[in-house]
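This report treats selected local features of the structure shown below. Headings mark the topics in turn.

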Amino acid sequence: METIKTSLTLNKEIKEQAQKLFDEMGLTFSNAVELFLRAVIREQALPFAVTTKPMESGYVYGVVKLPELSECKGVDEP
């Protein structure tokens, strides 16, 4: 498969946080971007909902520590 170089302009903190997670998953930043783009192609849409009302849509944005998940509305206790 032929590859090309692509340049992105990103928020530094967002990129660093994402890279840390990708490292834990064994992915490079490029691998992760390619996975995202493959999902866009497969779904013919963004692979997640985009809304200005995240709580009404049922989606929660941000990072939630696992012990705190039980405190989220709608999450059943184990």
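**Helix 1 and its ends**

In this predicted model, the N-terminal end of helix 1 is capped by Asn 11, whose side-chain oxygen lies 2.9 Å from the backbone nitrogen of Glu 13. Helix 1 itself covers residues 12-25. Just after helix 1, Gly 26 adopts a positive phi of about 80°.

**Aromatic rings**

Across the whole structure, a search finds two aromatic pairs.

**The second largest pocket**

Phe 29 is also one of the residues lining the second largest pocket. This pocket has a volume of about 420 Å³.

Its lining includes Met 1, Glu 2, Thr 3, Ile 4, Lys 5, Thr 6 and Leu 8. Ser 30, Val 33, Glu 34 and Leu 37 are also among the lining residues. By class, six residues of the lining are nonpolar, three are polar and three are charged.

Technical notes:
Residues are numbered from 1 along each chain as its sequence is written. This is a predicted model: local features need pLDDT of at least 70, side-chain atom pairs count only at pLDDT 80 or more; totals for chains, interfaces and linings use all residues. Side-chain values use heavy atoms; hydrogens and water are left out. On a 1 Å grid over the protein atoms alone, a cavity is a set of points where a 1.4 Å probe fits but cannot get out, and a pocket is an open set with protein on both sides within 12 Å along at least five of seven lines; lining residues have an atom within 4 Å of a point. Grid points are joined across faces, edges and corners, and a volume is the space filled by probe spheres set on the points. Ala, Val, Leu, Ile, Met, Phe, Trp, Tyr, Cys and Pro count as nonpolar, Asp, Glu, Lys and Arg as charged, and the others, Gly among them, as polar. Rings of Phe, Tyr and Trp (its six-membered ring) pair if their centres lie within 6.5 Å; planes under 30 degrees apart count as stacked, over 60 as edge-to-face and the rest as tilted. Helices (H or I, at least four residues) and strands (E, at least two) are DSSP runs, numbered from the N terminus. The expected span of a helix is 1.5 Å times one less than its number of residues. A polar contact is a pair of N or O atoms within 3.5 Å; within protein, one must be able to donate a hydrogen and the other to accept it, and residues adjacent in sequence count only if both atoms are side-chain atoms.
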